[in-house]
Amino acid sequence: MQDTYVFYQGKIVKESEVQISIRSKAFNYGLGCFEGIRAYWDEEAQQLYVFRLKEHFERLQESCKALYMNLPYTVEELCQWTVELLRKNNFKTTVYIRPVAFKGSDHLFPTLFDDDNRVLIYCQPMGKFAGKDAFRAAISSWRRISDTMLPPRTKATAAYLNSALASLEALQNGYDEAILLTKDGYVCEGPGENIFLVKKGKLVTPSPADDILEGITRDTVMTLAKEELGMEVVERSVGRTELYSAQEVFFSGTAMEVTAVVEVDNRKIADGQSGEVCKKIKELFFDVALGKNPKYAHYCTPVYEK
Ligand SMILES: Cc1ncc(COP(=O)(O)O)c(C=O)c1O
């Protein structure tokens, strides 16, 4: 990996200069939370647009609050540092940005009650993460952690062991991705993405009370469906077998973007092809993310001064 510039403890430095103790509580116990943000490169405009930057740092702030971590910068400062970091790296490609807030102290016990709150931001080029246009998914035997155990809405680093176990199982069983159910057996989300169904012409997605991470792409998809496609959007609990009879199923997420699910548990969804709603939302999404739709220009933060 190239020695890129990163943000650490209030400064932009080379990644190779960052030193974090092997005793850090973030490393030993996963005491931290993070964000995943994309910046889209528009070749035509020679511009890099960060997608919904402010909303990502607002979510990080909320995560830190819930986890009793003091975020030592404001949302505005973090947005400015991110833009400066991207400029410093001079990226001319689509990039994934990873801010991490964590407990840096090397005190032995997993207590959140200390003042060593650190923030790290690194970025790397990232093209299409999904690798394919249509996914075969399976319900995981691992249940999603719940808000009463390790709150999924906080994007806590430790929570991703739950995601990793589900992904591993799906891949080892020959599927592309897992779908996790809540502890009560309702459809929750993928290991790193939200899920949508088209049912009787309505767009349905699990509600925030069903232990999901409230995705920023999810919010974008709901907005585009309502505003641009005139669809009714319903947030409610979803039963497992509702997936099998859905007209369409698709995932949404920063890394995953908008990706069709054409099979669940070896049952084809409708005709087993990517559906029309998913296709339209995907098209609208990329238009918006690439700064081509003036109505949603406020979602895009340009990095380079023109
Ligand atoms: C568990 C989980 N659910 C959903 C999402 C999608 O959220 P977003 O659209 O904000 O990336 C992510 C990715 O951040 C995730 O890790």
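Predicted model: local features only at pLDDT ≥ 70, side-chain atom pairs only at ≥ 80, totals over all residues.
**Ground rules.** I number residues from 1 along each chain as its sequence is written.

**Entry 1: the domains.** I began with how the chain is divided, and found domain 1 (5–125) and domain 2 (134–289); these bounds come from an automatic or database domain assignment. I then looked up their C-alpha centres, which lie 26 Å apart.

**Entry 2: where they touch.** I found 22 residues of domain 1 in contact with 20 residues of domain 2 (contact means heavy atoms within 4.5 Å). The area buried between the two domains is about 1,700 Å², with 61% given by carbon and sulfur atoms; buried area is the accessible area (1.4 Å probe) that two parts lose on being put together, summed over both. Which three residues supply more of the area that domain 1 buries than any other three? My note says Phe 34, Phe 51 and Arg 59, with 36%.

Entry 3: I looked for salt bridges (a side-chain nitrogen of Lys or Arg within 4 Å of a carboxyl oxygen of Asp or Glu) and the rule finds two between the domains. I also noted a salt bridge between the side chains of Arg 38 and Glu 257, at 3.5 Å from N to O.

On the domain 1 side, β3 (32–34), β4 (37–42), β5 (47–51), α2 (53–66) and β6 (95–103) each supply at least two touching residues. Helices (H or I, at least four residues) and strands (E, at least two) are DSSP runs, numbered from the N terminus. The largest share, five residues, comes from α2.

**Entry 4: Arg 59 again.** The structure holds 24 salt bridges. In one of them Arg 59 pairs with Glu 35, their closest N and O atoms being 2.8 Å apart. Arg 59 lies in helix α2 and Glu 35 in the loop between β3 and β4, so this pair ties together parts 24 residues apart in sequence.

**Entry 5: the ligand.** A ligand nitrogen is 2.7 Å from an N or O atom in the side chain of Glu 189. For Thr 254, I noted 2.5 Å between a side-chain N or O atom and an oxygen atom of the ligand.

Definitions and conventions
Heavy atoms only, no water. Polar contact = N/O pair within 3.5 Å; in protein donor to acceptor, adjacent residues only side chain to side chain.
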